[in-house]
Amino acid sequence: MKKVPVLEIFGPTIQGEGMVIGQKTMFIRTGGCDYRCSWCDSAFTWDGSQQAELLNVDEIIEKLETIGGAAFNHVTISGGNPALHSGLGEVVKMLQEKGIKTAVETQGTIWQHWMKDIDEVTISPKPPSSGMDTNWEQLDEYIRQLNDREDKEVSLKIVIFDDKDLEYAVDVHQRYPHIAMFLQTGNEHLETADNSWLLSHLLNRYEELVEKVIASERLNEVKVLPQLHTLLWGNKQGV
Ligand SMILES: C[S@@+](CC[C@H](N)C(=O)[O-])C[C@H]1O[C@@H](n2cnc3c(N)ncnc32)[C@H](O)[C@@H]1O
Ligand SMILES: Nc1nc2[nH]cc(C(=O)O)c2c(=O)[nH]1
Ligand code: SF4
Ligand SMILES: [Mg+2]
């Protein structure tokens, strides 16, 4: 099989973002990304500062079980962009055989067939503040393929730093009105270790975002969330 570059495996923790926020889960974080978002909170997956380990499916499952014991039945795959790695297909299949639910976090730029087997797919297109451009036709096709599935869920999650990002979120929401849409407070303070300062700062940013959404006539169906894990544990990695 194809090996997968794994940056870290951690948990159980709670999913701190998006459609299944609060869900107890393990994380598999892969190395490498086709984007370079200016505010990426996981830049260590692609900036060369940390090395990924090439693992096969058995090694990945074994690590999940060693680290998580029997205290999980949900696994979230993130990165980097996990959609760079076709080898994850076998991991997803194996987890399904064990009755473990799966979720993935991706920006929706690269398609993999295993996406179809994931229970909860979060697509996170990137707003202007990231410095990345959206290929809309590619995103249309990505969402079409995922929306066709039965008993499986898909959602959109947009990180918001400023008013231009909010305008972008309106565009995405109007383009895909039937896909559940989550807006998430952006964290621009990726270096601070002062967790109590960060907590109050991010809660203020969250409140500002909530107020903007409340006032908008074009965002009546969205859900607004903070990054729960950042409120609890700050910028700590592996939680
Ligand atoms: C690190 S990314 C990995 C998965 C995939 N590359 C993606 O961007 O969707 C996971 C999630 O964290 C979000 N994120 C990254 N940096 C962030 C930040 N500074 N503040 C808030 N959310 C952030 C991304 O937008 C994405 O929804
Ligand atoms: N607890 C927790 N929840 C998360 N949701 C998305 C994460 C990610 O980095 O993809 C993440 C993460 O790193 N930790
Ligand atoms: S797409 Fe995701 S992992 Fe890649 S740079 Fe952007 S936020 Fe980071
Ligand atoms: Mg994260």
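**Reading burial, shells and sites in a predicted model**

Mentor: Let's open with helix α2 (residues 88-97), where Leu 88, Val 91, Val 92 and Leu 95 are buried. Buried means 20 or more other C-beta atoms within 10 Å of a residue's own, exposed means 12 or fewer, and partly exposed is in between, with C-beta atoms placed from the backbone. Helices (H or I, at least four residues) and strands (E, at least two) are DSSP runs, numbered from the N terminus.

Trainee: What should I know about the model and its numbering?

Mentor: It is a predicted model: local features need pLDDT of at least 70, side-chain atom pairs count only at pLDDT 80 or more, and totals for chains, interfaces and linings use all residues. Residues are numbered from 1 along each chain as its sequence is written, while chains are lettered from A and ligands numbered from 1 in the order in which they are written.

Trainee: Which residues have the most contacts inside the largest nonpolar core?

Mentor: In soluble globular proteins, nonpolar side chains tend to be buried together. A core here is a set of buried Ala, Val, Leu, Ile, Met, Phe, Trp, Tyr and Cys residues joined through C-beta atoms within 7 Å. The largest one has 42 residues, and Val 6, Ile 28, Ile 60, Met 115, Val 121 and Ile 158 have the most contacts inside it. Strand β7 (residues 153-160) gives the most to this core, five residues. Contact means two C-beta atoms, placed from the backbone, within 7 Å. Beyond its neighbours within four places in sequence, Ile 28 is in contact with Val 6, Ile 9, Ile 60, Val 75 and Ile 77.

Trainee: How many residues surround ligand 1, and which are the closest?

Mentor: Being near a molecule means a C-beta atom, placed from the backbone, within 6 Å of it. For ligand 1 there are 20 such residues, the closest being Asp 41, Ser 42, Glu 105, Ser 124 and Asn 187. β5 (101-106) and β7 are the elements that give two or more residues to that shell. By class it has five nonpolar, twelve polar and three charged residues. Ala, Val, Leu, Ile, Met, Phe, Trp, Tyr, Cys and Pro count as nonpolar, Asp, Glu, Lys and Arg as charged, and the others, Gly among them, as polar.

Trainee: Where does UniProt place "binding site" with cysteines?

Mentor: An unreviewed UniProt entry lists Cys 33, Cys 37 and Cys 40; positions follow the numbering used here, feature names are shortened, and annotations may be inferred rather than shown by experiment. Cys 33 lies in the loop between β2 (24-30) and β3 (53-55).

Trainee: Is Cys 33 buried or exposed?

Mentor: Cys 33 counts as buried, because it has 22 C-beta neighbours inside 10 Å. Cys 40 lies in the loop between β2 and β3 too, but Cys 40 is partly exposed, with 18 other C-beta atoms within 10 Å.
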